[in-house]
Amino acid sequence: MARWPIRSPRRSWRQPTFFPFADVAARARGQALRVEVRSPRHPTRRYGEVDSVVAAATLDDADGSLTLFVANRSTGAAVPLGLEPAGALTGYRVTGHRVLRGADPDLRNTADRPDAVQPVEVPAGDPVRLEPVTWNVLRCSRAAD
């Protein structure tokens, strides 16, 4: 078996693209749900007109929590998020909101600024506002009866 030492005097840091992968790996539990998104659209040079908002969701079988992973790909417009849970999912409310954003969409983490772009917890408001060029993780629980 070949082995090689992994030693480097260089520093390392997480690029912004790390965080969505880490969020899904840590928080997507249980059943994947079908999400129907009605979203504004915006033009792109490569793909033509695309939905500004894309989303995925999971329902945790263990504790009944609902997690939504939502990206606003628009570079210019914030989008209010309206949740319309159907069937057995009625009665859920947003209890936590984590957002990954930067003042500049091209901002990168560097050796000198390894935390320039980091996810932050924001107040779980109603309605939820998706700022432009953001990755959002919304944690939802069933409202108390």
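Author: Helices (H or I, at least four residues) and strands (E, at least two) are DSSP runs, numbered from the N terminus. The model is predicted, so local features need pLDDT of at least 70 and side-chain atom pairs count only at pLDDT 80 or more, while totals for chains, interfaces and linings use all residues. Residues are numbered from 1 along each chain as its sequence is written, and side-chain values use heavy atoms, with hydrogens and water left out.

Reader: In which loop does Asp-104 lie?

Author: The side chain of Asp-104 reaches the backbone nitrogen of Asp-106 at 2.9 Å. Asp-104 and Ala-143 are 39 residues apart in sequence and 36 Å apart in space, C-alpha to C-alpha. The loop that holds Asp-104 is the one between β7 and β8.

Reader: In what order do the 6 strands of the open sheet stand?

Author: Two strands pair if DSSP finds at least two bridges between them. The pairing in this sheet is antiparallel. Its edge strands, each pairing on one side only, are β1 (31-33) and β8 (119-122). The order of the 6 strands is β1-β4-β5-β10-β7-β8.

Reader: By what angle are neighbouring strands of this sheet turned against each other on average?

Author: Axes are lines fitted to C-alpha atoms, for helices over the stretch in contact, and angles run from 0 to 180 degrees between N-to-C directions. For this average, direction is ignored. Neighbouring strands of the sheet are turned by 25°.

Reader: How many bridges join β7 and β10?

Author: Strands of a sheet pair through backbone hydrogen bonds, either parallel or antiparallel. Strand β10 runs antiparallel to β5, with 7 bridges between them, and Thr-67 stands opposite Arg-139 there. Arg-139 is also the bridge partner of Gly-96. The antiparallel pairing of β7 with β10 has 8 bridges.

Reader: Which residue in β8 is the bridge partner of Val-99?

Author: Strand β7 covers residues 92-100 and pairs with β8 in the antiparallel sense over 4 bridges. In β8, the partner of Val-99 is Val-120.

Reader: Which residues touch the most other members of the largest nonpolar core?

Author: A nonpolar core is a set of buried Ala, Val, Leu, Ile, Met, Phe, Trp, Tyr and Cys residues joined through side-chain atoms within 4.5 Å. The largest one has 15 residues, and the elements giving two or more to it are β4 (53-59), β5, β6 (79-81), β7, β9 (128-130) and β10. A second, separate core of 7 residues includes Phe-69, Ala-71, Trp-135 and Val-137. In the largest core, the residues with the most contacts to other members are Leu-66, Leu-68 and Leu-138.

Reader: At what distance are the side chains of His-97 and Asn-136 joined?

Author: His-97 has its place in strand β7 and counts as buried because its relative accessibility is 5%. The pair forms a polar contact, that is, N or O atoms within 3.5 Å; within protein, one must be able to donate a hydrogen and the other to accept it, and residues adjacent in sequence count only if both atoms are side-chain atoms. The distance between the side chains of His-97 and Asn-136 is 2.8 Å.

Reader: What is the value of phi of Val-133?

Author: Most residues other than glycine have a negative phi, and most peptide bonds are trans. Val-133 is found in the loop between β9 and β10 and is partly exposed, with a relative accessible area of 34%. Its phi is positive, near 50°.

Terms used. Buried means under 20% relative accessible area, exposed over 50%, partly exposed in between (1.4 Å probe, protein chains only).
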